[in-house]
Amino acid sequence: MLRDKKHFWQIETSDGKHEVKVRRQLNLRRAIVDPIEIYVDCAQVATLQPSGGKMITKIEYDFLCGDETLKLVVHGKDIDIVHRGMLVGNKREYKPQKKLPLAVSII
């Protein structure tokens with residue numbers, strides 16, 4: 001069984017408004033996370049493959065939206081966009097998390 005998750009944001013940069021969409025497909029039967037696709041104004045700008053073997057997906061990825069750089073932040077099932085230092089989805093300041101040692105992230 002596949003579950004298609006889509007996330008949308010309206011981002012206003014100095015060159016105008018843009019629509020950012022992230023598409024993520026979860027295969028619930030095999031517990032496999034398929035690639036995460038990033039679209040800006042209906043054009044695909046990146047495809048990210050979460051690394052296997054981790055129980056919690058953690059990704060931070062920079063991409064261009066208009067004339068500004070945004071950051072996709074994925075932690076487990078939570079997905080958000082960072083624009084001008086703020087998480088767009090929950091309107092909070094973005095504070096990057098320090099990377100955990102490999103042994104801790106496996107557990």
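**Ground rules**

This is a predicted model: local features need pLDDT of at least 70, and side-chain atom pairs count only at pLDDT 80 or more, while totals for chains, interfaces and linings use all residues. Residues are numbered from 1 along each chain as its sequence is written, and side-chain values use heavy atoms, with hydrogens and water left out.

**Exercise 1. Work out which secondary-structure pattern the protein chain follows, and how much of the chain is buried.**

Step 1: Pick up the elements as DSSP runs, numbered from the N terminus (helices are H or I with at least four residues, strands are E with at least two). That gives one helix and nine strands.

Step 2: Sort residues by relative accessible area (buried is under 20%, exposed is over 50%, partly exposed is in between; 1.4 Å probe, protein chains only). Of the 107 residues in the protein chain, 35% are buried.

Step 3: The accessible surface comes to about 7,400 Å², and carbon and sulfur atoms own 54% of that.

Step 4: Check the contacts (heavy atoms within 4.5 Å). Among those between residues at least 6 apart in sequence, 31% join residues at least 24 apart.

**Exercise 2. Find how many salt bridges there are, and describe each pair.**

Step 1: Apply the rule: a side-chain nitrogen of Lys or Arg within 4 Å of a carboxyl oxygen of Asp or Glu. The count comes to three salt bridges.

Step 2: Start with R23 and E37, whose closest N and O atoms are 3.1 Å apart. R23 sits in strand β2 (residues 16–27) and E37 in strand β3 (residues 32–40), so this pair ties together parts that are 14 residues apart in sequence. R23 is partly exposed at 23% relative accessible area, whereas E37 is buried at 17%.

Step 3: Move on to K71 and D62, with 3.0 Å between the closest N and O atoms. D62 counts as partly exposed, because its relative accessibility is 44%.

Step 4: Finish with E68 and R84, whose side chains meet at 2.7 Å, N to O. E68 is in strand β6 and R84 in the loop between β7 (78–83) and β8 (86–87), so you have a link between distant parts of the chain, 16 residues apart. E68 is buried at 15% relative accessible area.

**Exercise 3. Decide whether Y39 and C42 are buried or exposed.**

Step 1: Take Y39, in strand β3. With a relative accessible area of 16%, Y39 is buried.

Step 2: Leave aside neighbours within four places in sequence, and Y39 is in contact with E19, V20, K21, R23, Q44 and V45. Its C-alpha atom is 9.4 Å from that of C65, which is 26 residues away along the chain.

Step 3: Now take C42, in the loop between β3 and β4 (43–48). With a relative accessible area of 71%, C42 is exposed. Phi of C42 is near 70°, a positive value in a residue other than glycine.

**Exercise 4. Find which residues form the negative surface patch.**

Step 1: Keep residues with over 30% relative accessible area and no salt bridge, then join like charges within 9 Å (for nonpolar patches, Val, Leu, Ile, Met, Phe, Trp and Tyr side chains are joined within 5 Å).

Step 2: The negative patch is formed by D15, E19, D41 and D67.

Step 3: Zoom in on D67, in the loop between β5 (58–65) and β6 (68–75). D67 is partly exposed, at 46% relative accessibility.

Technical notes. Accessible areas come from the Shrake-Rupley method with a 1.4 Å probe; for residues, only the protein chains shown count as cover. Lys and Arg count as positive and Asp and Glu as negative; His and the chain ends are not counted. The place of a charge is taken as NZ of Lys, CZ of Arg, CG of Asp or CD of Glu.
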